[in-house]
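This report describes one protein model for a reader new to structural analysis. Please examine the sequence and the structure before reading on.

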Amino acid sequence: METVLDTNIIPTGKPKWLRVKLPTGKKYTELRGLVDKYKLNTICTSGSCPNMGECWGEGTATFMILGNVCTRSCGFCGVKTGRPETVDWDEPEKVARSIKLMNIKHAVITSVDRDDIKDGGSIIWKETVKAIRRMNPETTLETLIPDFQGMERNIDRIVEANPEVVSHNMETVRRLTREVRIQAKYDRSLAVLKYLKDKGIRRTKSGIMLGLGETEEEVIQTMTDLREANVDIVTIGQYLQPSKKHLPVKEFITPEQFAKYEAIGKELGFRHVESGALVRSSYHAQKHIL
């Protein structure tokens, strides 16, 4: 799912490259007004994304479906963990209407993990894509999906919906996966990404966070593993601690190191590499359909 971060909670000594300007501009102001007026649920606002103004200015926004309570308890994510509410079967239409109201050109859909239901939420996922296509035929789509516990029948519903981009985040390197993504598995995530590509998804994508104690060698190995799974796009950003209860930031990665990873990613053959301190899963998402 989309990494939810609060940029207001950062250890003392935050480097200057992590300072975020407040979003501005006519398009941002217009969309902010619509979101507030109609109480639209974008992860751009609820996740305090540092790139909100830039993305909204380019007609891109991210929406989270299947509620705001996750069945998993990842050490990095600010979304609440617990027993989710019942599925809202009207949600696909609500999301589609939100996209229409905001006149979004490229929408990113993400969700909490719903291990509490048999289909993992995949039916609502498919219905949401169908509703968006019906109400917003010119809008392109990226679906940032959970792993659905690796169950192919649930992943197949995403394949059938056939969004322009399907993303699933690795989040971290193999060694740190058990600590960072407690109920997830490194190899299962890789298998999901490979399965999507093998089934004909045109663009696949994944993201990783840095600053959790990984080494350069481990980051490069993760990027290599993603390319071997035929992933087209990778995003690499700085982890920031959502609250004191979450994993601490071990290191602030320098702009020079992010630039190095970008160069390595291009050498490995990724179609797009977004690498920088403020990069999040949806950063420049509208460009990734090309």
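Leaving aside residues up to four places away in sequence, Cys70 touches Val79, Lys80, Thr81, Gly82, Val112 and Asp113, where contact means heavy atoms within 4.5 Å. The model is predicted: local features need pLDDT of at least 70, side-chain atom pairs count only at pLDDT 80 or more, and totals for chains, interfaces and linings use all residues. Residues are numbered from 1 along each chain as its sequence is written, and side-chain values use heavy atoms, with hydrogens and water left out.

An unreviewed UniProt entry lists Cys70, Cys74 and Cys77 under "binding site"; such annotations may be inferred rather than shown by experiment. Two of these residues are set out below; buried means under 20% relative accessible area, exposed over 50%, and partly exposed in between (1.4 Å probe, protein chains only).

| Residue | Relative accessible area | Class |
|---|---|---|
| Cys70 | 5% | buried |
| Cys74 | 18% | buried |

Cys70 belongs to strand β2 (residues 69–70), whereas Cys74 lies in the loop between β2 and β3 (80–81). Strands are DSSP runs (E, at least two residues), numbered from the N terminus. The contacts of Cys74, again without residues up to four places away in sequence, are Val180, Arg181, Gln183 and His246.

An open sheet of seven parallel strands has the order β1-β4-β5-β6-β7-β8-β9; two strands pair if DSSP finds at least two bridges between them. At the edges stand β1 (60–65) and β9 (272–275), each with a single partner strand, so one side of each lacks a neighbour in the sheet. Six parallel bridges join β1 to β4 (residues 106–111), and Thr62 has Val108 in β4 as its bridge partner.

Conventions:
Helices (H or I, at least four residues) and strands (E, at least two) are DSSP runs, numbered from the N terminus.
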